[in-house]
Structure formats: C-alpha cells, structure tokens
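Thanks, everyone, for making the time this morning.

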Amino acid sequence: MTVTEMTTPAPAATGKHRAEAVSTSLPPARRQSFAKLTGIELRKSVNTRSGRVLILAILALAVAALVWELTHLGNGPARFDGFLGAASTGVLLILPVIGVMAMTSEWTQRTALTTFTLSPRRIRVQLAKFVSAVLLSAVVLTVTAAMALAATAIGGAISGNGTTYAGMGGALAGAYLSTALNVVMGAAFGAVIAQTAAAVLVFFVAPTAWALAGPALFKDNANWLDVFGAFGRIAERDLHGMLPETLTAVAVWVLLPTVVGLWSSSRREVK
C-alpha cells in the first residue's frame, strides 16, 4: 500500500505569506508635495465660515474707504497711491487674523492628530500654512488694488481734473511687501501661542503697547522695536535713514516669533 503524504502549511505561515503578498502588491507611499500641502492649507482658509467672513469684511472696508475718498476729492488730479492707501487699510488690519487662524486651527479645532498623522513632518505643514497665508493676502490685496485702480479712474472723471498714476509700481511693491510681513507676523504669533483668541489679542496689543509706551520711556531708541514704523517706512519705500532700526524691528517682531513658532509647533503635544 502506498501512502501519499500531504502537507498543509501552518496557519501562521499562511497568514505571513498573505501579508507579504498584500504588502508587495501595494504601491510605495509617496510624500505629499509642498505645493499640495499649500493648496490644502489655502482651502482650509477659505472654506471656513470665519475665513470667508474676514475676507468679505476686508473687501467691504476697502469699498467703504474708496467711497469716502470719492466723496472727498481734492482740487488736484485723482492719485492712485492715495486710493490704494485708503483701500489697503482693512487689508493691513484684518488680513493677519487669517494668518493667525491658519496656525491655530489644528490646535483649537482638535484636528492636529489627523493632520500630522497624514503629514508627519510638522515643519513642512507649518511652512505651508505660512506660504498659504501670504498667497491669500496677495490675492486679496490684488483685488483691492484693482478696486483702487477703478476708483482712481472714477475720481478723475468726477472731478474733471484727470488722474495720475505716478509711483504706481513702487506703491504696489510697498503694499505687497508690508502686507506680507504683517501676515507672516500674525501667523508667527499664532504658531507661538496656538490659541486663536489669545494670539489675536497679543498680536494687536503687544506692538501697539510698545508704540504708545516706548517713545515715552526710551525716546528715539524706541524706534528700534517700533514695528508699525518699520512697516510704514517699507510701505512708503523710504527708510528715512533708519535701515538698522527697520531691520531690527522686523527681526524682533516677525523673524524671531516665526522661528520660535516653528520650533514650538514641532514639539507641541498632539491630543
């Protein structure tokens, strides 16, 4: 009698081979590109109700400022830089709040665990938030500048004194640069504090308190930490011989919080 030996694999071995087969059939995981991360953060900023309300509030303030300028025209020609300065006031005041919320949303809305599980490299995510906030500010400022351009033409037609666009390129360059720095400063405060209300409060109160109290305490030396004066000189494209003071103020209020914010965000406990 012939005995045929039949062997069956052990269950553990079968499961092991099946797991290996599944793992080899899956494509290798690819890291998300920085452009994709930036696009995701841009959608986060504009898809929320608070983000849309802030953008609409900025544009509404710009329209109100332009209407005011049109109803208070002077005797000379309508100047583009004057209309742009009036319309961009709301951008400088409110748009940094979007930068703050971009950095604090993961922690205040408790989505940090999901975000950093899908994108474990926190620094890349935080940098994408900075870039998206700056890009959004540039888009909003572009719309505001277009409205200022139209208001300048309307103002010249109403007054009959014509229009002037002298220094238009410099005015736009100063507006874009000062707005970007202001938004980065707001985002940096959000990265450091990670709570929206507290970050917004500190962002508005701390530099304002220094601008009010600094000159009384330190006289002209207060200019070294006057970030509003630094932003104003940058927007006007005229540093008034105060390059060291301007660079120091920007470094203390913008660069330093950015570095500290990135460092603290990379080590903050995710819950």
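This is a predicted model: local features need pLDDT of at least 70, side-chain atom pairs count only at pLDDT 80 or more; totals for chains, interfaces and linings use all residues.

Let me begin with Thr 246, which is buried at a relative accessible area of 3%, where buried means under 20% relative accessible area, exposed means over 50%, and partly exposed lies in between, with a 1.4 Å probe and protein chains only. Residues are numbered from 1 along each chain as its sequence is written, and side-chain values use heavy atoms, with hydrogens and water left out.

Thr 246 sits in helix 11, residues 243-267, and helices here are DSSP runs of H or I of at least four residues, strands being E runs of at least two, both numbered from the N terminus. Its side chain makes a polar contact with the side chain of Arg 233 at 2.9 Å; the term covers a pair of N or O atoms within 3.5 Å, where within protein one must be able to donate a hydrogen and the other to accept it, and residues adjacent in sequence count only if both atoms are side-chain atoms. Leaving aside neighbours within four places in sequence, Thr 246 is in contact (heavy atoms within 4.5 Å) with Ala 230, Arg 233, Ile 234 and Leu 239.

Stepping back, the protein has 11 helices and 2 strands, and 39% of its 271 residues count as buried. Among contacts between residues at least 6 apart in sequence, 75% join residues at least 24 apart.

Which charged residues are joined into one network? Salt bridges that share partners connect Glu 41, Lys 44 and Lys 129, a salt bridge being a side-chain nitrogen of Lys or Arg within 4 Å of a carboxyl oxygen of Asp or Glu. Glu 41 and Lys 44 meet at 3.3 Å, N to O, and both lie in helix 2, 3 residues apart, about one turn of the helix. The closest N and O atoms of Glu 41 and Lys 129 are 2.9 Å apart; Glu 41 lies in helix 2 and Lys 129 in helix 7, so this pair ties together parts that are 88 residues apart in sequence. Glu 41 is buried at 6% relative accessibility and Lys 129 is buried at 0%, whereas Lys 44 is partly exposed at 31%.

Finally, the rings. Phe 80 and Tyr 165 form a tilted aromatic pair, 6.3 Å centre to centre with 40 degrees between the planes; rings of Phe, Tyr and Trp (its six-membered ring) pair if their centres lie within 6.5 Å, and planes under 30 degrees apart count as stacked, over 60 as edge-to-face and the rest as tilted. Phe 80 is buried, at 1%, while Tyr 165 is partly exposed, at 33%.
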